[in-house]
Amino acid sequence: MQWVTTILIIGLISAAAQANAQQWHFVTEDFPPFTYPADPTFDTTPSAGVSAGGPLVEVVQAICARLHQPCTITLYPWRRSLQMAEQGLADGIFTLVRSPQREEIFHISRMLVTTRYSVFARTDSTFVFNKPSDLAGRLIGVYGPSGTSYILSERLKSVPDVRLHLTADNRRLLRMLHSGRFGKEGLAVLNQDVAWHLIDEEGIAGLREAGEMGPITYGIGLSRKTVSEAQFEAFQQAMDQAIADGTVPAILRRHQLEAAY
């Protein structure tokens, strides 16, 4: 009878592990060139969610394959993605900027890609950005609430009379800057790679890069509510292996992204 009991226990553990493996669901956002809808004909701000594509999606898929872990990746507007991940309705989220607040909620992987934040202006403005104090007294559009708006707020803490206008979509942010919604001397702070990708994709003329704010790195977050420390360590180990054997570097090179490791 003891061996029967042992077999039953092993079976229950195996079934529980399989059930748990099926629960890994990642969410992300429309954030090209890093993430975007797998089908370009879909609405770029889908409220119901669509299948996601892009280099960081490929990285997550490669890691899940190594773990033999079934994973789904769905694209939503960022606010909804973040809310789902914070509430444990999703097991993982990217792209994620490391911050003390985020680390309380998520296990955060090693940083995967490096990019930069830049200040953008209209071409009829003479503004040039060199240092944070140059932004004193100005209205600045920024994508948020997001990692971008968090980092910008941190960097502008000592700068007086700065007004931030949060916009939930980078495409809309660039159109607002272009149309003069922030004034002739208004500015926007965006991820440099995202901004130039969208300016080219949307055919937006009349905007220029007024200066670089500095580098930023992105990683992957796993919910502390649904993913254990051991599961996260296994995920991180699989990521390290995928970096070491060239899988991740090849993905990033193919998409012309700069590695952070």
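**Reading helices, a core and an arginine**

Author: Start with helix α8, residues 229-244. α8 has 16 residues and reaches 22 Å from its first C-alpha to its last, close to the 22 Å expected at 1.5 Å a residue. Keep in mind that this is a predicted model.

Reader: Which residues of α8 are buried?

Author: The general idea comes first. An α-helix has 3.6 residues a turn, so residues three or four places apart point the same way. Now the case here. Buried in α8 are Q231, F232, F235, Q236, A238, M239, A242 and I243. Those residues lie on the same side of α8, because they cover an arc of only 160° around the axis.

Reader: What is exposed on the other side of α8?

Author: A230 and A244 are the exposed residues there. "Exposed" here means over 50% relative accessible area, and "buried" means under 20%.

Reader: Which residues of α3 are buried?

Author: α3 runs over residues 78-86, and its buried residues are W78, S81, L82, M84 and A85. They cover an arc of only 160° around the axis, which puts them on the same side of α3.

Reader: What covers the buried residues of α3?

Author: For a cover, look for contacts, meaning heavy atoms within 4.5 Å. The cover of α3 includes strands β1 (25-28), β5 (92-96), β6 (106-108), β8 (139-143) and β11. Helix α4 (100-105) is also among the covering elements.

Reader: Which residues touch the most other members of the largest nonpolar core?

Author: F26 and L112 do, in a core of 76 residues. Strand β11, residues 207-223, gives this core its largest share, seven residues.

Reader: Stay with β11. Where is R208 found, and with which residues is R208 in contact?

Author: R208 is found in strand β11. For contacts, set aside neighbours within four places in sequence. That leaves V119, F120, A121, R122, T123, S125, T126 and F127 in contact with R208. Take T123: R208 and T123 are 85 residues apart in sequence, yet 5.7 Å apart in space, C-alpha to C-alpha.

Reader: How far do the backbone oxygens of R122 and F127 lie from a polar atom of the R208 side chain?

Author: The backbone oxygen of R122 lies 3.5 Å from a polar atom of that side chain. For the backbone oxygen of F127, the distance to a polar atom of the R208 side chain is 2.6 Å.

How values were computed. Residues numbered from 1 in each chain as written. Predicted model: local features only at pLDDT ≥ 70, side-chain atom pairs only at ≥ 80, totals over all residues. Heavy atoms only, no water. Core = buried A, V, L, I, M, F, W, Y, C linked by side-chain atoms within 4.5 Å. Buried < 20%, exposed > 50% of the residue type's maximum accessible area, 1.4 Å probe, protein only. Helix = DSSP H or I, 4+ residues; strand = E, 2+ residues; numbered from the N terminus. Expected span 1.5 Å × (residues − 1). Arc of directions from axis to C-beta. Polar contact = N/O pair within 3.5 Å; in protein donor to acceptor, adjacent residues only side chain to side chain.
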